[in-house]
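Hello,

Here is the structure I promised to pass on to you.

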Amino acid sequence: MARLGKLEQPLRFVRSRRGRLLVLISVVGPGVITGVTDDDATGVTGYALAGSQFGYDLLWVLVVTAICLWPIMEMVARMGVVTGKGLSDLMRERFGVAPTLWAMLLLFIANAATTVAEFTGIAAAAQLLFPFAGDTARYVAVPIAAVLVWVLVLRGNFRIVERVLLVLSLVFVAYAISAFMAHPPWGQVIRQTFIPTFHTNTGFILIFISVVGTTITPWMSFFQQSNVADKGLHPADLTYERADTAIGIFMTQIIAFFIIVACGATIFAHHVTVDPSDPSAFSKIALSLAPLAGKYATLLFALGLMNASLMAASVLPLTTTYAITEAFGLERGIDKSFREAPAFLTIYTTLIVLGAAIAMFPGAPLALITNLPNIVNGLLLPLLLPLLLLLANDRRILGRYANGLFTNVLSGAVFVFLTGVTVVFLASIFFPGLFGG
Amino acid sequence: MIFLSDFLNAEVVDVKQHRVGRVQDLIVLMTDPFPKVTGVILKGTKVRSIDWSLVRSWDNKELSLKVEGSQLQAHQRLEAELWLSRQVLDKQIVDMDGRRVVRVNDLQLSQVDGNLLLVGVDIGARGLMRRVGLEGLGRRVAAILGLDWPHKLISWEAVDPVKSDVSSVKLRIAHTKLAAMHPADIAEIVHELSPDDRSAVFAALDDEKAADTLEEIQETGMQASILERLDVERASDILEAMKPDEAADLLADMPKERAQLLLQKMEEDEAEDVEELLAYREDTAGGLMTTGYVAVLHTLTAAQAIDRLRELEPDAESVYYVYVTDEEEHLLGVLSLRDLIVAKPDTRIRDFMIEKVMSVPVDASIRDVGAVIAKYNLLAVPVVDQHNRIQGIVTVDDVMDRVLPPRVAARRRRIF
């Protein structure tokens, strides 16, 4: 024990995990995971419909939504780093029971709808993979997926499941390759990415809203903040977390970009009409991968859709359940038994069972169901954003890390934009003649 | 029963029944065992807060004052005061009996000897329903169904509020109740708190307890983040009280500059032990070992060795093996505690020590260390450098944590 000599040794840090942690965060941090998960079944469907029906006309929306995403995701990431708390936790502490109750109710509805869409994505993928099995494919695949998600997340290791699905998301690269092989008019593509085009017909407006809605969703804020908080970062690491957030947004949008271009250069260019309420919509969308995969296009598309759906199907119910139980101080945790955490397991199981059951409904218009939550999410955002802004401006919560002028002005603009989109959407529903049908 | 929610937003009328404003919050003075309501925060009035002594009565969402609205005097704020709605309601608190973190749905007050005291915390669904004005409905539904709808209340004596408000830093919550718990229990609770609250809890523990609790928290990332939020002096004191291997693990998870600073502030002896450990790769015997072993000189007698042991014992992690070295710390042999005790007091230890001692080099892999420990059924194995000088020991529990699959080793699985 008594050490002889050995004084004045130079301090050598052979061990330093810290540096590695920060590097890791900027490669596969919470922002990147959230970003990739954002391209879920509803995302793939929304972007694909946009590209198939309107070619490159909606590409500019991606730039707009990226700008919208930045203040939102940056605020929740910052709150996660500084407070180490989840978003619903902060809402409850700041706004009390009643507003939180409403927020959670809306979140539950939106996320339940989105979960249905994810299982529908699984159903659609199964039918594309096993076309000979007809409807039987989804009656088999959906319950299996539901049980799989339930078991893997609660009794397996969620973080490993998440990493595996994240790696499998590389299948999205197929859209980029396919887009290049279809030789789209790149000049026009670039131009339309930065110069807005707008049509005043209901079809365009619906797709426009669903692209906005699938990209900017309430659940992402909750998922991102909890994920960031869990990393236990110090406010001094905020720069890394901001980089992670920016990369995450870029990933979401670049995947969306190539899906739209691939669909635009194939389906739209060949004047194939894709009607979301038509059961064959997905097999038409799959043609967007034909330049790369030829007759295996359907297979590739189905795998991508399956992976995206599984990833979101394991994230969404869990995020929702954590948000709600956290807000109301209910016992929670994936390692708890039913007796220990009845509410946690009930909400989680309900979401999965509900999602799977609706997705199995006979004759359900799959592409329509996967697109519906985009609209719900798009409508909810103008309600969530003011709450986020109040929290992120509160110096009692964030101290000197509260919002600066830039973020507030940008968020204000985003709020005006999202509210505008909602108003336009509602107008198009209540006054169908307004935009010439 | 009286609850805080009965007061919030209640109409305030003065002695002439004129409407003055509404109640925004109640102020309590942190008296033992139950805090006493001392003031009311108002909204819609010029005077923001008034003394509780000005309140004549309250009933049915109406608070009557003893004076006229124009004569209201401002309440003198004290350091040890808490705003119930802003600082306690909806926040998390530690339920000491249940050893868990719960959320405050409502606060129960009670009138005792003319004082209104904060006596309990409502953590149940009933409190939630009351907050949204649906308690009556819930009660009727329960009655129709023939069910009992109990309140879920915890006594204020059995809770420990965690501060989570930047503005309330001045108010040092003592955390005395929490500090009395077992380190493993504190660690369990600390897991569920936010980083600031965690550091607040640690600020209230003494160095030894803080060190033990920190060791119980097995996620090094969380350990580091707790220390990072404490001031340097305090953090280095806690590090000194920790086992050197745990302290080294923890420092490895901090930004280098911060770790350097902490090491400089530590006592030289302890800092030296930790620094040595930091120089090894974490997946080797060197990275896993601790310097908390017992070594004695081969020239000592059994009695002298036992004396030496008494001197060293408080620091040592494992005393079952006593290693025997020469003056340059070359490992010569090993004794079990039993050997030492049964030997005649004046026998030289080199005459009865076991000379064939199993050891591992500092760069041995963890798997190899585990294999040696398992094969020879050891509680600990010494780690030596290339000149056979003892550098530390790896204990069986440290190796178990690393060799077993993480799911078994982790005490709890959490996602967020």
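Five residues of chain B, namely B:Asp106, B:Asp122, B:Arg126, B:Arg130 and B:Glu135, are joined in a network of salt bridges. Please keep in mind that this is a predicted model. Searching the whole structure over all chains gives 26 salt bridges.

Let me start with B:Glu11 and B:Arg22, whose side chains form a salt bridge at 3.8 Å, N to O. This pair connects distant parts of the chain: B:Glu11 belongs to strand E2 (residues 11-13) and B:Arg22 to strand E3 (residues 19-29), 11 residues apart. B:Arg22 has a relative accessible area of 29%, so it counts as partly exposed.

Next come B:Lys265 and B:Glu233, with a salt bridge at 3.3 Å, N to O. Here, too, distant parts of the chain are linked, since B:Lys265 sits in helix H12 (residues 256-265) and B:Glu233 in helix H10 (residues 232-241), 32 residues apart. B:Lys265 is partly exposed at 40% relative accessibility, and B:Glu233 is partly exposed at 45%.

Which helix holds both B:Asp307 and B:Arg310? Both are in helix H15 (residues 302-312) of chain B, three residues apart, or about one turn of the helix.

Enjoy exploring, and write back any time.

Best wishes

Definitions and conventions:
Residues numbered from 1 in each chain as written. Chains lettered and ligands numbered in written order. Predicted model: local features only at pLDDT ≥ 70, side-chain atom pairs only at ≥ 80, totals over all residues. Heavy atoms only, no water. Salt bridge = Lys/Arg side-chain N within 4 Å of Asp/Glu carboxyl O. Helix = DSSP H or I, 4+ residues; strand = E, 2+ residues; numbered from the N terminus. Buried < 20%, exposed > 50% of the residue type's maximum accessible area, 1.4 Å probe, protein only.
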